[in-house]
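Morning, everyone. Please have a look at the model on the screen. I'll keep this short.

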Amino acid sequence: MPENSHEKTLAALGVTQPDQVAPLFARLLSQASAELNALASPEAFEKFRVNWFGRKAGVVTLVGDNWLKPAARELKPAVGQELNKFKAQLEAQMEARRAAIESGAKETVSVKDRVDLSLPGATRPVGSRHLVRQVFQEIEDIFVSIGFSVVEGPEIETPYYNFEALNIPEFHPVRDDMDTFYVEAAGESGPKTTPGSLLLRTHTSPVQIRTMEKQKPPVRVIVPGKVYRRDNPDATHSFMFHQIEGLAVDTDITFCDFTGTIEYFVRQYFGPSVKTRFRPSYFPFTEPSVEFDVSCIFCGGSGVAANGATCGKCKGSAWIELFGAGMVDPAVYGFVNYDAKKLSGFAFGMGMDRLAMLKYGIDDIQAFFQNDVRFLRQFP
Ligand code: DAH
């Protein structure tokens, strides 16, 4: 049967008996099915639908026009029945195909958008805390464990807090060691600035004053933070470095409490075998003032290096200078309205970078500030 059989009448196709009708429709259906199964896209499906079911010139319409309408009376019932069956079957097949094409289309989309979980991702290395931060934490943990709390203060200070209230009057010679950077402060009533009225703090000691102004005794605080001095950079100096200040004030704190606390800290930090000693020193805000030393960590306090030569770190002295400290000078209490007759206390100020360098065997303070990952990675 030619493919365009629907364009001819049954008579032209030589169909004269009712039993010839069903095979005619069967062939038409298999032709439609074959076309239908080859369809892959929604567009092709639509074309097929118009071609077969289009009102004006669709195959089904033409079958009605050419086969059914002019059919001989004895053929008509069979043609009508077969035509209805044909339409129902083709419609069912089309529905199945349409669903298949749609889900196929969905699949293609999801294949395109699919994330391949087996591909290696872009690795973003996780950083670690800087050694300075780690040592801050170590030291804070030791003091917090014996009842100190951690406070902070501003890095831009007034001369009052940085010097005067710490019993360092304007022309006191210790100011020579604390040359720093002065900044212009905005005036109270507008953008006018007063040159040199503020400075970058030269030590964390001003936070002693700020803490006592805010808080009634007893006081037990440590103050970690950055400090600044007009120093030229070398292996042991930097214009910015770190300190940890300590302050304990109460009704009967003695020199023994003071040395006991410091010794406890030093043993916790450097290990149980280090020895400590203190020597008389001078700070305007402590009386008496001391300088704390530890037995040299590099030569075990012998003054002799492993190779038999004089220890280069302590220069044979067996001791390493660690930090300044002392009993709080009663004059300081006068600045914060504490009763100097009833209260006593101790204070200390440690160079944090120096403590880190001693413990971790670093011989250049600049390594802390250069951010060379080869250095940083050694302290994960
Ligand atoms: N602020 C001193 C400095 O930076 C260090 C210091 C010494 C702090 C003795 C203290 C102290 O609290 O009691 O050189």
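This is a predicted model: local features need pLDDT of at least 70, side-chain atom pairs count only at pLDDT 80 or more; totals for chains, interfaces and linings use all residues.

Residues are numbered from 1 along each chain as its sequence is written, and side-chain values use heavy atoms, without hydrogens and water.

The largest pocket has a volume of about 1400 Å³. A pocket here is an open set of points on a 1 Å grid over the protein atoms alone, where a 1.4 Å probe fits, with protein on both sides within 12 Å along at least five of seven lines; lining residues have an atom within 4 Å of a point. There are 49 lining residues, and T236, E321, L322, G351 and R354 are the closest to the centre. Which strand gives the most to the lining? β9, with eight residues.

Now the rings. The structure holds 26 aromatic pairs (Phe, Tyr or Trp rings, the six-membered one for Trp, with centres within 6.5 Å). W52 and F86 are tilted, at 6.2 Å centre to centre and 40° between the planes. F346 and F348 are stacked, at 6.5 Å and 20°. Why does F346 count as buried? Because its relative accessibility is 2%, and buried means under 20% relative accessible area (1.4 Å probe, protein chains only). F348 is buried too, at 1%. Both F346 and F348 belong to a cluster linked by ring pairs, with F143 and Y269 also among its members.

Conventions
Grid points are joined across faces, edges and corners, and a volume is the space filled by probe spheres set on the points. Helices (H or I, at least four residues) and strands (E, at least two) are DSSP runs, numbered from the N terminus. Rings of Phe, Tyr and Trp (its six-membered ring) pair if their centres lie within 6.5 Å; planes under 30 degrees apart count as stacked, over 60 as edge-to-face and the rest as tilted. Buried means under 20% relative accessible area, exposed over 50%, partly exposed in between (1.4 Å probe, protein chains only).
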